[in-house]
Amino acid sequence: MEDAAEFILLAGFLGSGKTTLLVDWLRLPEAADTAVIVNEAGQIDVDGAVIATGGTLPMALLSNGCVCCSLTNDLVFTVEALLRQRMETGKPPFRRIVLECSGLSRPGPILRSLGPLAPLGLRVRVVATCDAAQAAERAAHFEEFAAQLAAADTVVFTKLDQTSPEAAQALAASINPLARAVVEPDRAARALAAFTAPPGRASSLPEGEAGAHPRVSVLLARFTPEASWEDRLDWLENLAAFAGERLLRVKGFLHPPEQPGLAVLVQGVGTLFSPMVPMPRGERTPEALVVILRDLELEAVRQMMPEAPAWISRLSGNRLHCAGVG
Ligand SMILES: Nc1nc2c(ncn2[C@@H]2O[C@H](COP(=O)(O)OP(=O)(O)OP(=O)(O)O)[C@@H](O)[C@H]2O)c(=O)[nH]1
């Protein structure tokens, strides 16, 4: 459903520049027909106030605490109300709805709570801001940071005027090697790149050595030639059941053995999997799944289904050395 509205979950740790990025985006002509939902963990709607400055933007506030913790139906009701109100105005439908999450939100539970909106066919993307100056410190102390980056389709590096981004990029790639990185010093160009990702874009696998977060394992799963399609699906199901909340992200491609020209894009955030998207099989769609886990090591995943026709290896190095942190 290419013409369905996009639902962009704007995540990123406290103070990493979400509101700034969103405001920069809303100033661009490309942002026409955008609605914004703001979630503040605290009581005061600072972000909403900043975003609303000088505009008549369709906007709603979720003030019921951090949206990933409260897990009420508020978000679903809010989205439905925004869409209904828009229809009543007779204007064209929204092209996108942006939910700016509180800086402590984990994207997984939020995406799960959007389940009742599935019939609307919204195209969901996670964009996470990463403060290049603070990344190592955040990674060392906050699991939320890793959960946000792990869930991201796009990681936008901010504060590039304060520091060079290489260390933060390496760190982010060690947590989520397949995310698209936006490293753009110009703020308008950064916002444009952040909010307009090419649809169905396939990321390439990273090269070179990457670190690993102390509690996050980044694994690569491949299947043996004799593995059937059911074997692949069983393996994924078992992984989700076995890892539960420790599963942060699954992303990659599967090749159905019966359909030689076809690859399917697999996207899971937490244990929630999006419908698989068929794509042409080719160099950019190799069969491999990146699996990002918290508190689960390679050997435990191998032992989960020792007889499975799958090869599991560690994609990144062993342990993260958070630069500048002891
Ligand atoms: N120097 C610099 N400051 C930035 C940049 N992006 C954001 N800031 C500043 O960083 C601070 C936090 O930015 P926000 O956009 O409010 O960050 P946020 O992620 O929305 O913050 P929370 O809502 O607390 O999670 C503000 O003072 C911004 O002006 C940047 O690229 N460079």
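I110 counts as buried because it has 24 C-beta neighbours inside 10 Å. A residue is called buried if 20 or more other C-beta atoms lie within 10 Å of its own, exposed if 12 or fewer, and partly exposed in between, with C-beta atoms placed from the backbone. You'll find I110 in helix α5, residues 107-113. Helices here are DSSP runs of H or I with at least four residues, strands are runs of E with at least two, and both are numbered from the N terminus. I110 and L9 are 101 residues apart in sequence, yet their C-alpha atoms are 8.8 Å apart in space.

Before going on, a word about the model. It is predicted, so to speak of local features a pLDDT of at least 70 is needed, side-chain atom pairs count only at pLDDT 80 or more, and totals for chains, interfaces and linings use all residues. Residues are numbered from 1 along each chain as its sequence is written.

Now zoom out. The protein chain has eleven helices and 14 strands, and buried residues make up 41% of its 326 residues. Take the contacts between residues at least 6 apart in sequence: 77% of them join residues at least 24 apart. Two residues are in contact if their C-beta atoms, placed from the backbone, lie within 7 Å.

Next, the ligand. Which residues are closest to it? They are G17, K18, T19, T20 and G103, out of 15 residues that surround the ligand. To be near it, a residue needs its C-beta atom, placed from the backbone, within 6 Å. By class, this shell has one nonpolar, ten polar and four charged residues. Ala, Val, Leu, Ile, Met, Phe, Trp, Tyr, Cys and Pro count as nonpolar, Asp, Glu, Lys and Arg as charged, and the others, Gly among them, as polar.

Helix α1, residues 18-26, gives the most to that shell, with three residues. Seven of the nine residues of α1 are buried, so the helix is largely enclosed by the rest of the structure. The buried ones are K18, T19, L21, L22, D24, W25 and L26.

What does α1 pack against? Two packed helices are described by the angle between their axes and the distance between the axes. For α1 and helix α9 (residues 187-195), the angle is about 95 degrees and the axes are 8 Å apart. Axes are lines fitted to C-alpha atoms, for helices over the stretch in contact, and angles run from 0 to 180 degrees between N-to-C directions. The two helices are therefore roughly perpendicular to each other, a label for angles of 65 to 115 degrees. On the α1 side the contact is made by L21, D24 and W25, and on the α9 side by R187, A188, R190, A191, A194 and F195. That contact has six nonpolar, no polar and three charged residues.

Over to the strands. Six of the seven residues of β13 (residues 288-294) are buried, so this strand is largely enclosed by the rest of the structure. Six bridges join β13 to strand β9 (residues 247-254), and the two run antiparallel; strands pair if DSSP finds at least two bridges between them. F253 stands opposite A288 in β13.

Most residues other than glycine have a negative phi. D33 is not a glycine, but its phi is positive, about 65 degrees. D33 lies in the loop between α1 and β2 (34-39), and it is partly exposed, with 14 other C-beta atoms within 10 Å.

Definitions and conventions: Parallel < 35°, antiparallel > 145°, perpendicular 65-115°, else oblique.
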